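Dear colleague,

Please find below the structure I promised to hand over. My notes on it follow, and I would be grateful for your reading of them.

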Protein chains: 4
Amino acid sequence: MAPDMQSLLDRISAAMQRRTDRGAVASYIPELGQVDPDQFAIAVATADGKLFHAGDALTRFSAQSITKVFTLAIALGRAGDQLWNRVGREPSGTAFNSIVQLEHERGRPRNPFVNAGAIVTTDELLAGREPKEALAEILGFIRAAAGDDDIHINKAVASSETRHGHRNFALANFLASFGNLKNTPEKTLGTYFHQCATEMTTVQLAKAGRFLIGADKGPSLVSQGRVRRLNALMLTCGHYDGSGEFAYRVGLPAKSGVGGGILAIVPGKASVAVWSPGLDHNGNSKLGTEAMERLAREMDWSVF
Amino acid sequence: MAPDMQSLLDRISAAMQRRTDRGAVASYIPELGQVDPDQFAIAVATADGKLFHAGDALTRFSAQSITKVFTLAIALGRAGDQLWNRVGREPSGTAFNSIVQLEHERGRPRNPFVNAGAIVTTDELLAGREPKEALAEILGFIRAAAGDDDIHINKAVASSETRHGHRNFALANFLASFGNLKNTPEKTLGTYFHQCATEMTTVQLAKAGRFLIGADKGPSLVSQGRVRRLNALMLTCGHYDGSGEFAYRVGLPAKSGVGGGILAIVPGKASVAVWSPGLDHNGNSKLGTEAMERLAREMDWSVF
Amino acid sequence: MAPDMQSLLDRISAAMQRRTDRGAVASYIPELGQVDPDQFAIAVATADGKLFHAGDALTRFSAQSITKVFTLAIALGRAGDQLWNRVGREPSGTAFNSIVQLEHERGRPRNPFVNAGAIVTTDELLAGREPKEALAEILGFIRAAAGDDDIHINKAVASSETRHGHRNFALANFLASFGNLKNTPEKTLGTYFHQCATEMTTVQLAKAGRFLIGADKGPSLVSQGRVRRLNALMLTCGHYDGSGEFAYRVGLPAKSGVGGGILAIVPGKASVAVWSPGLDHNGNSKLGTEAMERLAREMDWSVF
Amino acid sequence: MAPDMQSLLDRISAAMQRRTDRGAVASYIPELGQVDPDQFAIAVATADGKLFHAGDALTRFSAQSITKVFTLAIALGRAGDQLWNRVGREPSGTAFNSIVQLEHERGRPRNPFVNAGAIVTTDELLAGREPKEALAEILGFIRAAAGDDDIHINKAVASSETRHGHRNFALANFLASFGNLKNTPEKTLGTYFHQCATEMTTVQLAKAGRFLIGADKGPSLVSQGRVRRLNALMLTCGHYDGSGEFAYRVGLPAKSGVGGGILAIVPGKASVAVWSPGLDHNGNSKLGTEAMERLAREMDWSVF
């Protein structure tokens, strides 16, 4: 019999709060580096509409790369399979911000979740309109998915990313040099940095993930076929060069962000969000991963 | 309502038999190059003990890399998590026989399904005994899994692989140069080539895969936890640098072999085998992949 | 006995004018793509002050990467060996605009003649002042070396490079992401593009190279020790991934530019310039290389 | 005025003997690891037939990769420019035993001095005959060049290389997998390991290098044109991924060996050999390089 969810989340949260080896908080921009590492939150939104949470689950954090799931869903809705002419669907085998494979493969990023691929996705989503419109659509999608309008972009974070985003400017210019950017690097990255600066609470993130539960559970924002494909991409590519490890240990499709959040999907059953700012060497939340592993094991949740 | 399985397999088989664009048969050894490309087979072994098949499902073919699933299961049983000191669990992002990443990562292969990783797995399984004993264990495991003793190694194929196996000798010697081989390259590769030369029918392969259905279905050769982890590795790494694509299109853990076979698992429900000798550019069965995609879609089978 | 220089240059020029396989003119910016490919020029400035030329030797062309020799000489004069903390002295083994090695070697370019290394050199030369001042110094150095003030920057070329310079913006931002850029990418590249847009005639280029003849011949702009080191770098790195080939065939230190020019040095004897706009697959002048090979052979000129 | 050669060598030798930071002796086979690191020798054979030496110049050491110069000279004599279909003439930008570029460039090594390229050269030289015959030709060439028959192969070193040569077996098998090996890996490597195990004194090595002085000095074993091309290859590729550095600091064509020897050529003037077993991080003799740098500076020897 499945354990009582609330008491399970409380136990996991308490265990994580006690931990001292919490990984390193991302520090490439001051706004992220100042986040208190001693925070932890977990939230579960179930297919039958229940919501559970524990820890700092009402504290906002920077969603960062987790937003790539939402923009991918929107871009596929707009461009359909044409998007795959510009970006692949394979794990990269390299770091999230690597440029090596982009040179070997002549400007076509490996998947939509490494930085280069997400820049292409945002660029596709921008086509023919202003950043403001595209960002409104992204934010609108996330708010609709979460059923909560109190989700916003932190502009200080976005402009700090712009000031320190040399690596992403390198990627965007590299893409442009291969003709794989429809807008200027500045315009696409401006949008990309704002999208990444979306802030959510752990509860909001869990709710926003419900559209990926599938099987007609959660808000019906995309078709069941697309839900499955998004989950497939999350499982194979969602944790960068730690995706195989996460699949092995946790067994659920998931997407991490450098702000310390992870969104994981239990198909047909639940959407789970965890947050803890300290990261492992692949840039994924250290305690978040452990919490997910424990939750999945105790709930007997796995796609396998 | 799920369609009638037998008629579905018949329809898929008939459609595949009519196809003219069948990919290219592996030709690096004469024994594989001579296989008639106009063959196709599909077989399903369900969790409740039923068996369905269509096409050339009683014709033997060379299992090749599909055997890596069985040797990995045995090696994990013998060495436990120690095996992961020698080989990783991440998709490679490169071809099945690439040596590049092995140099960058100092002799630790990315996962047990690329050639280098499978050589390490076989090497681990050999430790302290003769090839004959190790091969007897591998064959014994496969026969027990399939519930069929009429599964054998084709020695002509094995010795042809040895004569033409320069790339694998390069990989094995490279591993040895980093101290990641316990036996001589000749001994480990001798065993590896024999293991890969195991022949099965499509029906036998579907039956042999039942132990990965999990949930106490099929023969209980490994624990449920290990079943899930093997499936996770198959999903993220089982199709080499086409794993992301297979996950996206089919959504099931699976392992392909250069002989044209694919073993796919529907957790809790079924083990599926397909076979068609023509390969795509990643070395995976072209029609086999298409047949799996169609079967999964019509049966609404997906882990996502 | 050495052949008569003027008649030798006339013969080489006539032979090259007749050639129809001239390589492809660089076309990444319109200004270069419109250059008439049917041009050829050669000029020799000897250690004893004589000047010979043949062909279109009074036609201006875009010096492009050949200017990297002059900026390197200036940067070494300003920063001394400190420059080598920021850039290496080894052949790259990759294309002139490759970013791969830059990632593997964490932002330190292989040598000052690949694009990334030249950007670092220009950045060093800029430090603490405005582009206008740095460019004045570069132009002043080249004019002094050539003994000719009629050498200018083509601003239309410079701004076209800026508009089409995505690959260089990628390199500069990548350098910045590793902390190996002292100025903004825009400022450094603005200077770099203007420097590359310097125009010279083949005669002016031959004269500008005299300071590298060494042995107290030519204008004494740098010490004899530094002359040797500049020549060493030109020989090992001056033709990008064709440097070994040029050393093998011609045997002289030399630097090529994408505008089709080559400056070669015969230590103690002469400075030679050739120009023909068509390029080989490494981006070096096709007929220029052949002309240099023939001149060197007939004059028995080689450092080896 | 040039300094007195003998007293200069004595001073250099004395300075080197006092040094305590001597680099690390190669230890991949026991025979090399046991060499006393506190040894140093230098010898100069001039174009006018004089011989000077200092230090342990009559002690034999393992020539190792320096023999690649001699086998290349022989192979070019036998195969002519056909050899270049199998191996390139460019610096590699990677370690001497790297396999990465071999995969990217489909089995054609970058140059004849990296291991893979030297294996191809030996393979070419073997074609159609037994290792014994090929080795007799190599030894005969070296003895003729040195004017000294007392030069031998150390069979204990050769067989130790065979036992520990996994990396070279990887390279040879990799070459074979691309069809770039005419003999079996075992046969070619057997010859290669014996060739590398040739032992010489520093005096013998300096004398053996005289055929590369050119300008009709030294024994006339190859044409003047080929002398220049061999020197060009030594300058651009002779010190592996430290070739640019050696050219910059010393300015002479040279070839190093992992036994601690370096052969350098002063075209038209002298052949120089140095030996000190400790190596730098690129696998080149640490004190040998410093001694060469000092000798070249004090003699004003440089090709540039």
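A polar contact is here a pair of N or O atoms within 3.5 Å; within protein, one of the two must be able to donate a hydrogen and the other to accept it. On that definition, 18 residue pairs, with both residues at pLDDT 80 or more, are in polar contact between chain D and chain C. Please bear in mind that this is a predicted model.

On the side of chain D that touches chain C, two elements give two or more residues, namely α11 (224-237) and α12 (243-249) of chain D. The most is given by α11(D), with seven residues. Sorted by class, this side of chain D comprises eleven nonpolar, nine polar and nine charged residues.

In terms of contacts, 29 residues of chain D meet 29 residues of chain C. The two chains bury about 2700 Å² between them, and carbon and sulfur atoms account for 54% of that area. Three residues, D:Arg228, D:Tyr248 and D:Phe304, supply 33% of the area that chain D buries against chain C, more than any other three residues.

Six salt bridges are counted between chain D and chain C. In a salt bridge between the two chains, the side chain of D:Glu245 meets that of C:Arg89 at 2.5 Å, N to O.

Helix α3 of chain D

Helix α3(D) covers residues 67-79, 13 residues in total, and spans 18 Å from its first C-alpha to its last, close to the 18 Å expected at 1.5 Å a residue. Because eleven of its 13 residues are buried, α3(D) is largely enclosed by the rest of the structure. The buried residues include D:Thr67, D:Lys68, D:Val69, D:Phe70 and D:Ala79. After the helix comes D:Gly80, which has a positive phi, near 60°.

A buried serine in chain B

In chain B, strand β7 (residues 254-256) contains B:Ser256. This residue counts as buried because its relative accessibility is 0%, the cut-off for buried being under 20%. The side chain of B:Ser256 makes a polar contact of 2.5 Å with the side chain of B:Asn284. Leaving aside residues up to four places away in sequence, B:Ser256 touches B:Asn284 as well as B:Ser65, B:Ile66, B:Gly238, B:His239, B:Tyr240, B:Gly261 and B:Ile262.

With kind regards

Definitions and conventions:
Residues numbered from 1 in each chain as written. Chains lettered and ligands numbered in written order. Predicted model: local features only at pLDDT ≥ 70, side-chain atom pairs only at ≥ 80, totals over all residues. Heavy atoms only, no water. Contact = heavy atoms within 4.5 Å. Buried area = accessible area lost by both parts, 1.4 Å probe. Salt bridge = Lys/Arg side-chain N within 4 Å of Asp/Glu carboxyl O. Helix = DSSP H or I, 4+ residues; strand = E, 2+ residues; numbered from the N terminus. Nonpolar A, V, L, I, M, F, W, Y, C, P; charged D, E, K, R; others polar. Buried < 20%, exposed > 50% of the residue type's maximum accessible area, 1.4 Å probe, protein only. Expected span 1.5 Å × (residues − 1).
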